[in-house]
Structure formats: structure tokens, C-alpha cells
Amino acid sequence: MRVLVTGGAGYVGSHTVLALVEAGHTPVIADNFSNSSRGVLERLELVAGVPIECHEAELTDVEATERLFRVEPIDAVIHCAGLKAVGESVSAPLEYYRNNLVSTLTVADVMARHGVRRLVFSSSATVYGASHASPLGEDSWPLESSNPYGQTKVIIERMLTDIAAAHVGWKVALLRYFNPVGAHSSGLIGEDPRGIPNNLMPFIAQVAVGRRDRLTVHGDDYETIDGTGERDYIHVVDLAAGHVAALDHLDAMTTDVRAFNLGTGASTSVLQLVRAYERASGRTVPYTVGPRRDGDLAVAYADPSRARAELGWMATRSIDEMCADSWRWQQNNPSGMSSRLAN
Ligand code: UD1
């Protein structure tokens, strides 16, 4: 299939592009490069061994989005584009609601006009909010999030459900990511956060490589294995494979819309992840314990059984592989995607 990957230059999008090529699909990237780098394209083509079509496009702009569908037919859309920093969404909610909701509405609108009915959407485990216990199942209800970023995912899931119900033949997979980490084993593609990383593994990586002095552990007085927060870390290459599994399953879906958790079903504490990273890198990761971070949960991990039963997909890569691949990426690319490529 010819698959439009919005946000295809970003962290999850770029790994998904590679997974699509490997599976014999033809990805077409659309990205506005607001939080990604053009340098990723050369790297993607190096790893994939084929040219990859890429368009710079603002998906909140109907005309620009229309153009993507006009040149050649699109068979399906994987919609990864969106703003995703929780803290930023609290200070700039207008921007988050406008960008994430309007771009999704525009993509859906243009899909409808062009008769494209297959959609895979990047949602997040953040839709489960704080009121459900782990393991988190897809039927948990109600969905709510404590921050505007998460709320955009809740609203978009609802919007797409209504759209799919009203338009004949639509098939929509809502992929609820747990905590994507790691990098492609080539060391050429990985996460390239701008500024101070918000998330744990990229922060640990920058401490290990000497770019930052120490990690602050956000609280060690939770009721968890060692007092620090537990999360379901999933290797981004497994996550990318989950997108292809969902795409390939769409036509066989018996409902218009289906949500799938993409997680491992296991949880790892902050300190366990620090230790694993130290083993993978051979470096020490100094840390101090600070107060809890607002809005954090003690524990969050997936019940991944639906994706296994219906998509035939499960995560296979271990925490050690996640750390080893992150470390290779971090070491090879001290300045992220703008680092010089080794010959
Ligand atoms: C966060 C977002 C979630 C988003 C996900 C993307 C919140 C409340 N949730 O999830 O919406 O989809 O990122 O991966 O922000 N930690 C530290 N020190 C740090 C950073 C993190 O101790 O410097 C701890 C946190 O307290 C938490 C764990 O590490 O226990 C994971 O944090 P993080 O990587 O930010 O992910 P989440 O908070 O689970």
C-alpha cells in the first residue's frame, strides 16, 4: 500500500517509515519539521536502501493537505503528526488544541473527499488518566487526561469514532502507546529531543554521555518496587512494527474503530532503568532524588493481550536492548540528527 505517514520525520514516524518499507509498503512522509529535522531523510534512505518520498506540509492547512492526495493515490494514512510535550501543553493549551485537533480534522476531511478510508492514529496511554489500575485494558472507561496534550488524544479518539460511524467503510485503529524508547539498531535513527528532554530515557542518555550532570529522580516514595515510578517502556522498533500490524489488519476489522495498547505488559522502575542503562553504556549515571512531578502516576503498564490476539503483534525487545540501542544512537550522534554521518 502507498501509505501517507504524517509526522514521518519524527521519532515514532521515522521508525514506522522503515517498518513500512521492510514490510513491502510505500511510505510517503508529510511533516512540517516543527519538531524534527530534515537530516532524518538521508538517514532513512541509507537504512531503507530506497528513495523515500517526503513533502513539507502544514496539515492544519486544507489546501496543503489536499495537494498530498492529488499527486498519486494514497491507500491509507498513519497519522503521527502532533505536538506532544505535556508541560508545554499546560502553558500553551490553545496551541495544542488547535494544532492537534485541526490537523486531524483536516486529514480526515481530505481523506473523506478522496475516498481514503484506512487510518491508523497515534494515540497514547495518557488517555487512561489517573483513575484506572494497571494493567490498563482498552475498555477502561471513562477516558480522561490530566493535561491538554492528553486531552487532545481523548478528543481525537472520540472524533474519529464519530467520523468512522458516519462514513461507510472507514476503518480506524487507535494505537495507545505506552513509553516508547530506544532507537534503530543501525544507530542512524533515534529520538532527537530539542532542549532539555522531558522524558526519562533521553535524559539518562544525555547524562551517560556527559551532556548533563545528573538525573533528578522525581520521587522515591511511591508504593512501587523501589519507591520510584514504574512504566511500561517499549522499544520504538517494536512500536513501529505495531503500526504495520495494525495497518495490515484494518480491512479485516469487524468494527469501524478499534483501540489497541502498544506496550509490553511489564513495568520497570526509574532506578531499574538507570541500572540497565549503566550496564549497557558502561558509564555511571549520577542522580539525586527530588520531589514527585505533578501529574505523575506511581505505576502504569499495559494489558497488551488485545494486540496480540487481534493483530498478531507483540513486543519482543528487552529493556537491555532498549538501553543498548539508545546508547548506540546517543554515542554516534552527539548532536542528534544534525551530527555528521560516519562514512
Ligand atoms: C510522559 C507523559 C505522557 C507521554 C509520555 C511519552 C506525563 C505525565 N506523561 O509519560 O503523556 O505520552 O511521556 O513518552 O508527563 N522521571 C524522572 N526523572 C526525569 C524524567 C522522568 O524520575 O527526569 C520519571 C517520571 O517521574 C516517571 C518515569 O520517569 O516515573 C517516566 O517518565 P517519562 O519518561 O516522562 O514518561 P511518563 O511520565 O510515563
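Reader: Where is the place of Phe33?

Author: Phe33 sits in the loop between strand S2 (26–31) and helix H2 (39–48). Helices and strands here are DSSP runs, numbered from the N terminus: a helix is H or I over at least four residues, a strand is E over at least two. Phe33 has a positive phi of about 55 degrees, although it is not a glycine. This is a predicted model, in which local features need pLDDT of at least 70 and side-chain atom pairs count only at pLDDT 80 or more, while totals for chains, interfaces and linings use all residues. Residues are numbered from 1 along each chain as its sequence is written, and side-chain values use heavy atoms, with hydrogens and water left out.

Reader: What makes the peptide bond from Ser134 to Pro135 cis?

Author: Its omega is near 0 degrees. The bond from Trp141 to Pro142 is also cis, again with omega near 0 degrees. Pro135 is in the loop between strand S5 (118–124) and H6, and Pro142 lies in the loop between S5 and H6 as well.

Reader: Which residues come nearest to the ligand?

Author: Leu200, Thr216, Arg231, Arg293 and Asp296 come nearest, out of 19 residues around the ligand. To be near, a residue must have a heavy atom within 4 Å of the molecule or strand in question.

Reader: Which elements give two or more residues to the shell around the ligand?

Author: They are strand S7 (179–181) and strand S8 (215–218). S8 gives the most, with four residues.

Reader: Why is the largest cavity called a cavity and not a pocket?

Author: On a 1 Å grid over the protein atoms alone, a cavity is a set of points where a 1.4 Å probe fits but cannot get out, whereas a pocket is an open set with protein on both sides within 12 Å along at least five of seven lines; lining residues have an atom within 4 Å of a point. The count comes to one cavity of 30 Å³ or more, and the largest cavity has a volume of about 30 Å³. That volume is the space filled by probe spheres set on grid points, which are joined across faces, edges and corners. Its lining includes His79, Asn100, Phe121 and Lys153, and H5 (93–113) gives the largest share, three residues.

Reader: Which residues lie nearest the centre of the second largest pocket?

Author: Trp141, Glu157, Thr161, Leu174 and Arg176 do, among 15 lining residues. The volume of this pocket is about 320 Å³, and H6 supplies the largest share of its lining, four residues.

Reader: Why is the pair of Tyr277 and Trp327 given the class it has?

Author: Rings of Phe, Tyr and Trp (its six-membered ring) pair if their centres lie within 6.5 Å; planes under 30 degrees apart count as stacked, over 60 as edge-to-face and the rest as tilted. The count comes to two aromatic pairs. For Tyr277 and Trp327 the centres are 6.2 Å apart and the planes at 85 degrees, so the pair is edge-to-face. Tyr277 lies in helix H9 (residues 270–281) and Trp327 in helix H11 (residues 319–332), so the pair ties together parts 50 residues apart in sequence.
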